[in-house]
Amino acid sequence: MDSLTIHSTRLEIVVADITTLDVDAIVNAANSSLLGGGGVYGAIHRAAGPELVSACRMLNGCKTGDAKITPGFRLKAQYVINAVGPVWRGGENGEPDLLASCYSRAMNLAADHGLKSLAFPAISTGIYAYPADEAATIAVDTVAGVLKNSQPTGIERVIYCCFAEASADEHRRALEALGDGA
Ligand code: AR6
């Protein structure tokens, strides 16, 4: 399953470089300084230009599980939502709640800014080593929970932007499990 609609929001899975997406906001996977990094962070900062790190410098960092919004500068996306996922330390150190919190905070920021479309990378599943299957379930279930349990968000599209087919497969499986339970 590559997409599922909950209320009026479409959840979609794509395999792409997130910096190329034409959406209102893309989510970044940063560390708590918001300053420096490789992976998707490096790609987003290269594409956005040096103004993005200058904007991040004004934010005084960000706690794990939280997110802060900046402009997108040279990106097609108008905004970047800078999220800080947990480092995987075996799963007994609050990692699931902290990862879920990244997704719900990003959804809330997008809704508060009146955004219609939002793309997530698979936060924490690269350098931070979160198991991809568990992370995909959290990514899908948390967004679905926000859509089902809160006031209408106004968000029309949520994209899971996977960098590899294996990651997309995990998100497809999670979307199917959610669809089966609906
Ligand atoms: N588009 C979409 N997804 C991507 C892209 C891209 N251009 N590049 C990588 N990914 P990671 P983390 C995927 O390591 O695990 C940073 O340097 C990648 O395949 O970027 O949250 C920060 O500063 C993986 O599935 O982020 C932190 O120190 C996912 O994005 C730390 O790394 C996340 O991988 C955060 O680690």
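So, strand β3, residues 25-30, pairs with strand β6 in the parallel sense, over two bridges. Keep in mind that this is a predicted model. If you look for I26, its bridge partner in β6 is A119.

Now let's stay with β6, which covers residues 117-120. Which way do its side chains point? S117 and A119 go one way, L118 and F120 go the other way, and all of them are buried.

β6 has another partner too: it pairs with strand β7, residues 157-162, in the parallel sense over four bridges. Here F120 has Y160 as its bridge partner in β7. And if you follow the chain from β6 through helix α4, residues 132-149, to β7, you get a right-handed β-α-β unit.

Okay, F120 again, because its ring is part of the story: F120 counts as buried, at 1% relative accessibility. The rings of F120 and Y160 have centres 6.3 Å apart and planes at 20 degrees; planes under 30 degrees apart count as stacked, so this pair is stacked. This pair links distant parts of the chain, with F120 in β6 and Y160 in β7, 40 residues apart. Y160 is buried as well, also with a value of 1%.

How many aromatic pairs does a search of the whole structure find? Three. One of them is Y103 with F120, a tilted pair with 4.6 Å from centre to centre and 40 degrees between the planes. Y103 sits in helix α3, residues 95-112, and F120 in β6, so this pair ties together parts 17 residues apart in sequence. Y103 is buried, with a relative accessible area of 1%.

Last stop: helix α5, residues 165-181. At 1.5 Å a residue, its 17 residues should span 24 Å, and the end C-alpha atoms are 24 Å apart, so that agrees. Which residues of α5 are buried? They are S167, A168, H171, R172, A174, L175 and L178. These cover an arc of only 165 degrees around the axis, which means they lie on the same side of α5. Here's the general idea: an α-helix has 3.6 residues a turn, so residues three or four places apart point the same way. On the other side of α5, A166, D180 and G181 are exposed.

And what do the buried residues of α5 pack against? That would be β1, β2, α4 and β7.

Take R172 as an example. Is R172 buried or exposed? Its relative accessible area is 19%, and the cut-off for buried is under 20%, so R172 counts as buried. Leaving out residues up to four places away in sequence, R172 touches M1, D2, I13 and E165.

Notes:
Residues are numbered from 1 along each chain as its sequence is written. This is a predicted model: local features need pLDDT of at least 70, side-chain atom pairs count only at pLDDT 80 or more; totals for chains, interfaces and linings use all residues. Side-chain values use heavy atoms; hydrogens and water are left out. Buried means under 20% relative accessible area, exposed over 50%, partly exposed in between (1.4 Å probe, protein chains only). Two strands pair if DSSP finds at least two bridges between them. A crossover is right-handed if, with the strands pointing away from the viewer, the path from the first strand over the helix to the second runs clockwise. Contact means heavy atoms within 4.5 Å. The expected span of a helix is 1.5 Å times one less than its number of residues. The arc is that of the directions from the helix axis to the C-beta atoms. Rings of Phe, Tyr and Trp (its six-membered ring) pair if their centres lie within 6.5 Å; planes under 30 degrees apart count as stacked, over 60 as edge-to-face and the rest as tilted.
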